[in-house]
Amino acid sequence: MADTTLDLTLDAAELTARLVDFPSESGNEKPLADAIEAALRALPHLTVDRYGNNVVARTNLGRPERVILAGHIDTVPIAGNVPSRLDEDGVLWGCGTCDMKSGVAVQLRIAATVPAPNRDLTFVFYDNEEVAAHLNGLKHVAEAHPDWLAGDFAILLEPTDGQVEGGCQGTLRVFLKTKGERAHSARAWMGSNAIHAAAPILAKLAAYEPRTPVVDGLQFHEGLNAVRVEGGVATNVIPDVCTVVVNFRYAPDRSEAEAEAFVRDFFADCDIDEFIVDDHSGGARPGLTHPAAAAFLAAVGAEARPKFGWTDVARFSALGVPAVNYGPGAPLLAHKVDERVRASEIPEAEERLRAWLTS
């Protein structure tokens with residue numbers, strides 16, 4: 001267990017290591033939230049608020065524009081990869097190194113070292129991002145204190161390899177149920193096979209051609225896939241129920257209602273007994289047309305690309321705040337037992353943000 005305090009004078013890579021050594025699996029973020037709150041309250045240029053294990057700090061300099069820097073403080077379950085270690089090649093290893101304690105370290109360093117930014121800043125540190133959506137701390141803050149999240153532009157410091165990923169795709173998960181009639185498999189003609197009845201659903205999915213729309217200058221790539229098939233009672237019984245779980249990843253030019261309507265229409269000619277929406281989170285447009293976004297892109301010297309996946313930028317978009325993803329670390333290493341980040345990438349991200357916020 002790390003020390004119960006955080007030293008914000010450490011460089012960003014060292015601070016990342018301290019954060020990694022502060023175990024904070026989803027649901028157990030309180031000690032880290034306590035340490036972050038204490039460290040931020042020691043900074044006289046910030047106003048600090050807390051709601052549950054979510055900490056929000058703000059400058060109030062009367063600038064004409066406000067930018068939000070946000071990051072989640074939880075990690076997936078530790079898998080023997082804590083404490084952190086720095087190898088001889090300058091790579092920092094450990095749970096959360098890229099997703100996303102390196103991004104949180106950048107937030108904390110900017111909070112501590114940029115007392116008079118050219119834009120007012122809001123720093124958001126929230127819990128329970130890696131688990132069910134109803135537990136998400138940013139969601140809770142948005143519902144209870146939407147004024148804390150007011151701003152003109154937001155950056156979510158998720159790992160992006162130092163590139164800017166605009167917006168995010170929406171994600172819809174549905175259960176498609178087919179029904180049959182049980183019978184002994186030796187006398188299959190006495191029943192009706194629900195798994196066989198699902199064949200048209202799978203055939204439709206196999207023939208699906210993804211849409212690749214350009215949204216605000218970025219090309220997204222949709223996907224409609226079966227991610228699970230459940231059915232069967234025993235090896236000698238004709239199954240009477242089968243469920244095909246389908247995930248639709250859709251571009252942010254579709255609304256949630258339009259996405260659901262598309263999926264319902266796509267399977268309209270299949271004999272489906274029940275169509276159940278299990279989970280649905282809308283996407284977010286890139287927001288790259290905002291002047292702050294253009295200035296940010298120029299300052300970090302990055303080329304914008306679409307976000308293939310869902311992140312909490314969608315929550316900011318729902319509040320009317322355009323948002324992008326930007327942070328150190330490779331997203332493909334997130335959640336892996338060998339999660340790691342090149343230590344030099346972390347202060348590089350900090351310095352790029354600092355240049356944008358002080359130029």
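In strand β7 (residues 153-156), Phe153 is the bridge partner of Val67, and four bridges join β7 to strand β3 (residues 66-72), the two running parallel. Strands here are DSSP runs of E of at least two residues and helices are runs of H or I of at least four residues, both numbered from the N terminus, and two strands pair if DSSP finds at least two bridges between them. The model is a predicted one, in which local features need pLDDT of at least 70 and side-chain atom pairs count only at pLDDT 80 or more, while totals for chains, interfaces and linings use all residues. Residues are numbered from 1 along each chain as its sequence is written, and side-chain values use heavy atoms, with hydrogens and water left out.

**Strand β3 and its sheet**

Strand β3 is also joined to strand β6 (residues 120-126), by seven bridges and again in parallel; Asp120 is the partner of Arg66, and Gly71 stands opposite Phe125. Seven of the seven residues of β3 are buried, so the strand is largely enclosed by the rest of the structure; buried means under 20% relative accessible area, exposed over 50% and partly exposed in between, with a 1.4 Å probe and protein chains only. Arg66, Ile68, Ala70 and His72 point one way from β3, whereas Val67, Leu69 and Gly71 point the other way.

These strands belong to an open sheet of eight strands with mixed pairing, in the order β1-β2-β6-β3-β7-β18-β8-β17. Because β1 (47-51) and β17 (304-306) stand at the edges with a single partner strand each, one side of each is left without a neighbour in the sheet. Neighbouring strands are turned by 25° against each other on average, direction ignored. Helix α2 lies across β1, β2 (54-58) and β6, and runs at about 160° to β1; axes are lines fitted to C-alpha atoms, for helices over the stretch in contact, and angles run from 0 to 180 degrees between N-to-C directions.

**Helix α1**

The axes of helix α1 (residues 12-20) and helix α10 (residues 345-358) come within 7 Å and cross at roughly 115°. Ala12, Ala13 and Thr16 of α1 make the contact with Ile346, Pro347 and Glu350 of α10, where contact means heavy atoms within 4.5 Å. Seven of the nine residues of α1 are buried, among them Leu15, Ala17, Leu19 and Val20, and what covers the buried residues includes α2, β5 (91-93), α3 (97-113) and α10.

Ser24 is buried, with a relative accessible area of 1%, whereas Glu25 is partly exposed at 26%. Not counting residues up to four places away in sequence, Ser24 touches Glu29, Leu32, Ile73, Asp74, Thr75 and Lys101, while Glu25, with the corresponding neighbours left aside, is in contact with Asp74, Thr75, Val76, Pro77 and Ile78.

The table lists polar contacts, each a pair of N or O atoms within 3.5 Å; within protein, one atom must be able to donate a hydrogen and the other to accept it, and residues adjacent in sequence count only if both atoms are side-chain atoms.

| Side chain | Backbone atom | Distance |
|---|---|---|
| Asp11 (oxygen) | Ala13 nitrogen | 3.0 Å |
| Ser24 (polar atom) | Ile73 oxygen | 2.7 Å |
| Glu25 (polar atom) | Ile78 nitrogen | 2.7 Å |
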